[in-house]
Amino acid sequence: MDEVVLELKDLHTHFFTDSGEIPAVDGVSLKLHKGEVVGIVGESGSGKSVTSLSIMHLIPKPPGKLVSGEILFKSEDISSASEKKMRKVRGNEIAMIFQEPMTSLDPLFTIGNQIIEGIRLHEKVSKKEAKARAIKMLELVGIPRADEVVDEFPHQLSGGMRQRVMIAMAMALNPEVLIADEPTTALDVTIQAQILDLMRSLNKEKETSILLITHDLGVVSEMCDRVVVMYSGQVVEEGTVREIIKDPQHPYTKGLIRSLPNLHKKEQSLYSIPGTVMRPKKDFVGCRFASRCEFAFDRCFQESPELYSLDNDRQSRCFLHDEGKGVEEFADTNIRS
Amino acid sequence: ACSGDSTDEPEENPDNETEEENNEEGSEDEEASEGDGEDQVLVFARGGDSESLDFASTTDGESSRVTKQIYESLLEFDKESFDLKPGLAHDWEVSDDGQEYTFYLEEGVKFHDGTDFNAEAVKTNFERWADPEHEYAFTDSDYVYSMYGTMFGGFKGDDGHVIEDIEVVDDYTIKFHLSRPLGYFLQNMGMSYFAITSPAALEEYGPEINENPVGTGPFKFVSWERDQSIVLEKNDEYWKEGLPKLDRVIFEVIPENSSRLMALRSGDIDIMDGLNPDDAAGVESDADIDLYTRAANNFGYLGMNVEKEPLDDKLVRQAINYAVDREAVAEALYAGYAIPGANPLPPGYLGFNDEIEGYDYDPEKAKDLLAEAGYEDGVEIELWTMPVARPYMPDPETVADIIRNNLEQVGITAEIVREEWAPYLEKTAAGEQELFMLGWSGTNGDPDYFLGSLLHSSGIGGSNYTRFNNEEVDELLDQAKVAVDQDERADLYKQAQEIIHEEAPMVVLVHSEPVLAASSRVQNYVPHPSTSESLAEVELSE
Amino acid sequence: MLAYTIRRLLMLIPVLIGMTIITFSIVHLIPGNPAQVILGESATETQVQDLEESMGLNEPYIVQFGIYVSDLLQGDLGTSLKTKASINKEILPKLAATFELTFFAMLFAIIIGVNAGIISAWRHNSWFDFFAMLFALVGVSMPVFWLALMEQWIFAQELGWLPAHGRQDSRSQIDPITHFYVLDSILHMDMKQLFISLKHLVLPSIALGTIPMAIIARMTRSSMLEVMSSDYIRTIRAKGSGQFLVIYKHALKNATIPVLTIIGLQTGVLLGGAILTETIFSWPGIGRYIYDAISYRDYPVIQSGILVVALIFVMINLIVDLLYAFIDPRIKY
Amino acid sequence: MTTEKKEQEKVDIHPNKEGYEPDEITAISPWKDAFRRLRKNRLSMTGFFIIVFFIIVGIFAPLLTSHGIDDQELVNRLQPPSSEHWFGTDDLGRDILTRIAYGARISLLVGFIAVTGALIFGTLLGIIAGYFGKWVDMVISRIFDILLAFPSILLAIAIVAILGPSLQNALVAIAIINIPIFGRLVRSKVLSLREEEFVMAAKAQGLKNGRIIFHHILPNSLAPIIVQATLGFGTAILEAAALGFLGLGAKQPTPEWGYMLSNARDFIQLAPWTLVFPGISIMLVVLGFNLIGDGLRDALDPKMKN
Amino acid sequence: MPTPILEVNGLKKYFDVRGGVFGRKVGEVKAVDDVSFTVNEGEILGIVGESGCGKSTTGKSILRLIDPTDGEIKFEDQNIADLSAEEMRKLRKDMQIIFQDPYASLNPRHTVEKIISEPLLVHSELNHEERKERIKELLEVVGLRAEHASRYPHQFSGGQRQRIGIARALANNPKLIICDEPVSALDVSVQSQILNLMEKLRNDFNLTYIFIAHDLSVVKHISDRVGVMYLGGMVELTNKDELYDNPMHPYTQALLSAVPVADPDNRPDRVILEGDVPSPSSPPSGCPFHTRCPMAMDICKEIKPEFREVRDQHFVACHLYD
Ligand SMILES: Nc1ncnc2c1ncn2[C@@H]1O[C@H](COP(=O)(O)OP(=O)(O)OP(=O)(O)O)[C@@H](O)[C@H]1O
Ligand SMILES: Nc1ncnc2c1ncn2[C@@H]1O[C@H](COP(=O)(O)OP(=O)(O)OP(=O)(O)O)[C@@H](O)[C@H]1O
Ligand SMILES: [Mg+2]
Ligand SMILES: [Mg+2]
Ligand code: NI
């Protein structure tokens, strides 16, 4: 559990658009240990996807560009690795699955063809062998009639099945790291439960480290060991799942948790964070959450807060920690169950 | 006309024979030998394809250009004029009353299919044209012999039909009995429309005779790829000794004048018809290309409907004649390869009155005349323009524009009216027009074909588009039509032209002299005014 | 697939009936009496009437239409008024000529257009992209006939490199088998003739093919760009595949569908556009055949010619539709 | 100062305040927005200037040259370009520059009238077919199918053959062949908009059909129609030139560019300049419209937003 | 005894599937198949179910935005299915709808003012000034500012757009509002704003909602009673606490257990369903859920269970309770 397989250090990915520069990922740092599941949560536009795509060098460029920062994969910086090098890493060592299983498979090729393609890109195996492996992978992810499904086209499968195919494809080469960008958002809850279950068992069996991106705190809480909360291109809080859910340190995380309707709690009036998510802006000074934050004070509008390291490896980006009054003020707002 | 006697080159028979075989086998070897330039293959390029190779059922000039090589008629025109000379008939006689014509035919002439040419064949051909019921008339397949009808006064059973009976005197003598004298009967016999087809071939091919011509001429038909080329080859059995000189003639279709010239320059073709007059200067200065002109056999005119105001006034008509700058038209459209018109008859024709001087270009005089006629404040008038290019008027739109411009100078405002060709002809024949543009091309070289058709009152509603109706002129033309003595006819036509000049029913714009160009390798090529000439004597120098 | 083919064919029926009615009415709405046109300015009234009668133009329209349709159903396109030859026989070599020209024009358009489109999409926003697309825009804006004339002037006349008229040299005429001269030369094993035929195809094909080339290039580029930004291409790249595989295996196949539509449509347009090109390059094809027939009022030829071209156009579109089903497994019928 | 700012920001904790986003008070209509994007597109602006240039040339043609369109100087036939005649003279000695300038009027007018005609009828038919559906749609769509089954130039030629060759009739023919193009476009747009939620919402408000068509469906179909119309301008001009070139459009002395080319064609060897300039003019004008059309397509495309 | 404002009886909506050589009807999608429920005045009836189970179709059928195939819809004792198009149009003053997609449901070419004024134009007698006043009022009610009226939808965030949609629906003081997943497309922090707003409006204006959603926790939060749909049919309907505490239908149980829970200390036992939802164009025979049901019995394959009141105010369609 101790070996760090993937580490981001102060990653900056910016988009250079007609309407200006957008620092979609503005100084993100995180660590992923072997066999660990780390979640990234945050609302729409907070930079989750861009972070994951940056790792894979799959940012559309132009307009996107990895401006600075390090991506350490097994202690090797791949942030400026060549395309050739990245081709070896992608799929083979870091695999990725995406949110939309409907559109993430090439509609014109069979399932088998697409899995085989991935295998044969990295390993010199015969087509037949690759196909046998593809079928095995499909069985592994729980697809019935796997030997028939290999020859079917994506449109013949349901959404849940396609997401399983995506996972099979990603796992085919036993990658070290699996990045899953909202793998269940497009699925129904009952199907989501199936997929999450599958991912959990793969993580256990193969010791694959998973970087799970989602905006659903419930999913994070059920799946992850540690969580990174993002807001407007920055990490605002980091910690273990239990700590984050039970004892959030950043006002944003706090608000987020309080605004969730809870299935298992009787009558409760919902808390709501005023305003809307701020889109990342270039050369912005001040705390990005300040305008929505009920604890904001002068400093929040004048300086940009750093990530404060708290106990137990926790981090939070809020001046309240400096003022030393953060924890107490929030004491009563902890989640009740 | 001089019949350029070419030095008879000894025929290289062995060579020709191998050539023949090659042709049948395929094209590969053929080119090889052509490439050497030893072969006498002439490519004649023109703007349109032949409609039919059955000459009598079409009036199309591009058809007769080809059939002229395959077929022959009883008489032939001289090389550069419409003077008659022997053809398949080596001699002929006319009875004193002008109603009996006897022709003595060449003996030993064979059709390309090997059958004999004789009087019976001539009779069959003429009867085929005259009688719609004839077994070879092919009326069911839409064959119509309109030129026969025009030239011989209609068809069998019609009142005007002039050939009463055809009598085969013996195998090589034939006699035509006419119902009345016809001043231009012999002239007709020289027309390529009345050449003789093999009766055996008519039997064999039926209505498909138009694609399988069999005649007696210097060249035999080989193949026809529509809208591309017609290939003819030498008739080795040709009855005229030492002819033809060429081994092969290819009639190629290149619709665009400029493309054709390009092809000539590049050596792809040997002769091109329809040179742009504007390009003539360039051709003349080119040592590799020779320029040829075809004698004028037509004219374009600006007609005036004499029944419509103000054109019913002679003064106005004369004024318009003065107002139009013919020289400019000749210059602008024909680059000078046209003769400004004086009479409605091409120069050189029988009875052409060269004492008459055409109206000058004199806008002042025109204005005076208009004033005299009471139109000093100007007139408004319709100018009908024909929509299609004709041999006598290659660009009617532009001519109309020039005329409109001219008329404006003297205070006549012309409004241009456009109609499609068919309605144009129908409406002008019906007399709906005021000023209009048309023209006329000769066929048999006889003045009656011009004056009789265009200006005799009997033509009103038909080809007399000006609706000119002058008793004196009618009288003169009637007499000239039946007279057999050509001098007498000439005199009558001259008188008629004087009256016509004075009455001015039309502005005779120009007689165009079509220009052609040919590679300087082409020898003995003489363009004929009728647009079709035999290529029998033509040869290619090295 | 079979059911779909049959359904598409059945759907053609109303279109075909409509087309027949339209061509027939077009022809009979054209003012002017063909008999008059054929006979010209020296015709007498009776001559015109005789000819009219012999051509069957006196019958009521409905009768003429009936005859026309029943002939068509028997595969008889009628007889040309001008040449009195069977149109079936006349039209085949012209169709072959037009097809040959269209084929090479399209070949030129597709090869250059598709590749330019791919490279532009690949090197999106590069100089190549900019100039290729500017060039394509100019191409779309070019009057075909003017381009043809300019080619003629420069390459045929001034430089004398290439012939500017016809399908072959006058002096070396091929013995036609299929009337596709390139094919015929090959069948005759005649390399020289093959060279000649190809040489004659160059300028007209370029003139005719420029607009479709430009359109195809633009279409290829935009649909490639769209496909390349799609989720599944990202998936493929995430598997570690290189650009080449992405572009030529996945993106191209997916981008093919809209490009195919355009190619189908443009082939039809080419058949029409051939009128201009054929006129300028003296190409004895169907376009010029119809155009000549219109000026001559050769009713049966206009009728049948337009109908045949429209039919081919419709057929091409049908084939394109069927091709989709072949390429795209999602289309199931 | 700091407290002031803070207070100001504090007030902003309110559900309708967009965080730190500057509050755009000015309402930017989608049209204005598209126009702004269009203005930033350099190629489109080039196209726009080309068209404006030709419009100016057309309008002020009489002032631009000292020659008339029909000033025939037969002595000066086919003169090469010179200081007197910048573009040379044609076969009747007319100044080509002058004719091209006047010709700009014709081409632009042709494009305008033909496209407007096709647009009006096509849009009308398309809306009727798309909104009322059922057999009306069947009939109209079949007619479109049939018309589109003919290569357009061929159909145009046939129509001109019926009506007789003239500029007006060429215009009519071009308008007719463009009707199904607009018609289909509008129809498919209407069909897809009919399923849009905001149209559904309009229906749920209890709006009447007429209002839904004219306030919701039509304005939202406008973008592709405008793009098609702009590009249609170009094709109409090309088609008119082609008809003119085939002798089926304008006639002497009208300085229509296509017809000028057809006249000049015989002089390709003698006076190539008579061919060059009218051709370039056609190309430039059509290019202009295509550039604008392309720009408009991008500017109006909702996908390009944000 | 609460008064029902809306009664739905045996509602069916089948969409035709066309194909084959002649494009004939070859089958049908049973999007809604025999659904019955009532909505009482002033209550919020939640409807949950997975994607494609027919929630939206039910909602739209009630407003007759799509014509139901069969069934009775009684709004204030008037059978809507019998009304003419014009009468229906007038009735829409009292019944409104809010859509899921805040981007697609507003005409992008109209200003907010125009969007909100349209229902006023058709149904009210207000003059120009009064309308302006009313729009201002409405905007404030939904938490926007008056000056927003002149802006276009694309200038707003998703949450704000949803507010505009709500303002439009409120314009004529409707009695019933059908909310078709109004918060599904929104971020959590914004979702709670909208939920709170809707609750407040309900209380202020005594509205009745049919609240459609696929998120069980959201439905639970806002509704008084909840209906669960599966494959075109209603499988369970009761008041919310009863449903969440004591789900009776195996599908409801599975659904509830599948929802991921944030609180690590309070995880229910998970029932993971096997397989996918069958296609509504070929629904299974008998109970539509039997293919995935962990408690399926033989009878379930053959006989479709009746939707009936098993306990007081607790309706279930399941053979387990026969
Ligand atoms: N191609 C692009 N061009 C310009 N900006 C982009 C692009 N892709 C992303 N962005 C910007 O980057 C920011 C972060 O986007 P990202 O997709 O990472 O968000 P996310 O957290 O994944 O949100 P979601 O939950 O919606 O997936 C957004 O504000 C967006 O504006
Ligand atoms: N216009 C239509 N034509 C054919 N089938 C339709 C149509 N509209 C909906 N359906 C089908 O009816 C079924 C129910 O659709 P509906 O939109 O009511 O589901 P829903 O419960 O609202 O789903 P979601 O949560 O995805 O909105 C689906 O299977 C859908 O495919
Ligand atoms: Mg994302
Ligand atoms: Mg729905
Ligand atoms: Ni940065």
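**Entry 1: chain E against chain D**

I began with the pair E118(E) and R211(D), which form a salt bridge whose closest N and O atoms are 3.1 Å apart. The model is predicted, and I read every distance here as a computed value from that model. I then asked how many salt bridges the rule finds across the interface of chain E and chain D. The count is 1. Polar contacts came next: the rule gives 13 residue pairs across this interface, both residues being at pLDDT 80 or more.

I looked up which elements of chain E supply two or more residues to the side that touches chain D. They are helix 2 (85–91), strand 6 (95–98), helix 3 (112–123) and helix 5 (158–170). Helix 3 of chain E gives the most, with 6 residues. By class, I noted 13 nonpolar, 12 polar and 13 charged residues on this side of chain E.

For the extent of the interface, I took down 38 residues of chain E in contact with 30 residues of chain D. About 3200 Å² is buried between the two chains, and 49% of that lies on carbon and sulfur atoms.

**Entry 2: the two domains of chain C**

I turned to chain C, where the domain assignment gives domain 1 as 1–74 and domain 2 as 87–327. The C-alpha centres of these two domains of chain C lie 31 Å apart. In contact I found 22 residues of domain 1 of chain C and 17 residues of domain 2 of chain C. Between them the domains bury about 1900 Å², with 77% of it on carbon and sulfur atoms.

How many salt bridges are counted between domain 1 and domain 2 of chain C? I recorded 0.

On the side of domain 1 of chain C that touches domain 2, I listed helix 1 (2–29), helix 2 (34–39) and helix 4 (61–73) as each supplying at least two residues. Helix 1 of chain C gives the most, with 12 residues. I sorted the residues of this side of domain 1 of chain C into 16 nonpolar, 5 polar and 1 charged.

**Entry 3: ligand 1**

I counted 15 residues surrounding ligand 1, the closest being S44(A), G45(A), K48(A), S49(A) and V50(A). A polar side-chain atom of S44(A) is 2.6 Å from an oxygen atom of ligand 1. For K48(A), I noted 2.9 Å between a polar side-chain atom and an oxygen atom of ligand 1. G47(A) comes in through the backbone, with a polar atom 3.1 Å from an oxygen atom of ligand 1.

**Entry 4: backbone geometry**

I checked the backbone last, bearing in mind that most residues other than glycine have a negative phi, and most peptide bonds are trans.

Which peptide bond has omega of about -15 degrees? I traced it to L243(B) and P244(B), which are joined by a cis bond. P244(B) sits in the loop between strand 9 (229–234) and strand 10 (248–253) of chain B. I also noted a cis bond from E309(B) to P310(B), with omega near -5 degrees. The loop that holds P310(B) runs between strand 13 (298–304) and helix 10 (314–323) of chain B.

I placed D77(E) in the loop between strand 4 (70–75) and strand 5 (78–79) of chain E.

Definitions and conventions: Residues are numbered from 1 along each chain as its sequence is written. Chains are lettered from A and ligands numbered from 1 in the order in which they are written. This is a predicted model: local features need pLDDT of at least 70, side-chain atom pairs count only at pLDDT 80 or more; totals for chains, interfaces and linings use all residues. Side-chain values use heavy atoms; hydrogens and water are left out. Domain bounds come from an automatic or database domain assignment. Contact means heavy atoms within 4.5 Å. Buried area is the accessible area (1.4 Å probe) that two parts lose on being put together, summed over both. A salt bridge is a side-chain nitrogen of Lys or Arg within 4 Å of a carboxyl oxygen of Asp or Glu. Helices (H or I, at least four residues) and strands (E, at least two) are DSSP runs, numbered from the N terminus. Ala, Val, Leu, Ile, Met, Phe, Trp, Tyr, Cys and Pro count as nonpolar, Asp, Glu, Lys and Arg as charged, and the others, Gly among them, as polar. A residue is near a molecule or strand if one of its heavy atoms lies within 4 Å of it. A polar contact is a pair of N or O atoms within 3.5 Å; within protein, one must be able to donate a hydrogen and the other to accept it, and residues adjacent in sequence count only if both atoms are side-chain atoms.
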